[in-house]
Amino acid sequence: MSQGKSPVVQVCIGIAVGLGIISGVIGFLVLPEYATERAAINAGDELLTKIAQPWDGLQMYSLLDPKTPLPWALGGCVNFASSMDKTYGSLKSVKGEIKDISKLSDMNGPHIDAQYIGDAEFEKGRVKIGMTLIQRDGNWYFNTFRINPPGS
């Protein structure tokens, strides 16, 4: 017996050390993914608040992913925001969630893609808003924006 400890004590110590190592590895692998998902939810809520409190087409355009050039985007954002303001009014509250998140790399470099769904309450009603969020160089943007009215 090493250091005068019984075999039962040695086995218990071995199991405790092993479990500590396993939980450390799981924490190392899972916590960054949780932190990334939490950051994506916060980013989605923040982007939506900037866009829709009140609706602002120029602000919406400025938050589009700069690596996804869309020649019609400025006019589209301005018209869309104006229409949304008339239909729903200003954003009152939002609670988002992430449906899918991936770390990717393409011709524009490494980035994170996240599928965000926000349960949004506006002055004139409640809708689900879907956005594809992209994090590039530490900044969050969106490149798709969908409105899902109740019942759709």
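Two residues are in contact when their heavy atoms lie within 4.5 Å. With that in hand, welcome to this predicted model, in which the protein chain has a mean pLDDT of 81.

**Confidence**
- In the protein chain, 75% of the residues reach a pLDDT of 70 or more.
- Strand 3 (residues 125-136) has the highest confidence, with a mean of 93, while helix 1 (residues 7-52) has the lowest, at 64.
- Please read residues 16-32 with care: the pLDDT there is below 50, and beyond near neighbours in sequence this stretch has two contacts in the model.

**Around T132**
- T132 sits in strand 3, and it counts as buried because its relative accessible area is 10%, below the 20% cut-off.
- Leaving aside residues up to four places away in sequence, T132 touches A114, Q115, Y141, F142, N143, T144 and R146.
- Two of these neighbours also make side-chain polar contacts with T132: Q115 at 3.1 Å and T144 at 2.6 Å.

**Aromatic rings**
- The whole structure holds six aromatic pairs.
- One of them is W55 with F145, an edge-to-face pair with 6.2 Å between centres and 75° between planes.
- This pair bridges 90 residues of the chain, from W55 in the loop between helix 1 and helix 2 (57-62) to F145 in strand 4 (residues 139-148).
- W55 is buried at 9% relative accessibility, and F145 is buried at 16%.
- F145 also pairs edge-to-face with F142, at 5.8 Å and 65°, and F142 is buried too.

Conventions. Residues are numbered from 1 along each chain as its sequence is written. This is a predicted model: local features need pLDDT of at least 70, side-chain atom pairs count only at pLDDT 80 or more; totals for chains, interfaces and linings use all residues. Side-chain values use heavy atoms; hydrogens and water are left out. pLDDT is the predictor's confidence in each residue, from 0 to 100. Helices (H or I, at least four residues) and strands (E, at least two) are DSSP runs, numbered from the N terminus. Buried means under 20% relative accessible area, exposed over 50%, partly exposed in between (1.4 Å probe, protein chains only). A polar contact is a pair of N or O atoms within 3.5 Å; within protein, one must be able to donate a hydrogen and the other to accept it, and residues adjacent in sequence count only if both atoms are side-chain atoms. Rings of Phe, Tyr and Trp (its six-membered ring) pair if their centres lie within 6.5 Å; planes under 30 degrees apart count as stacked, over 60 as edge-to-face and the rest as tilted.
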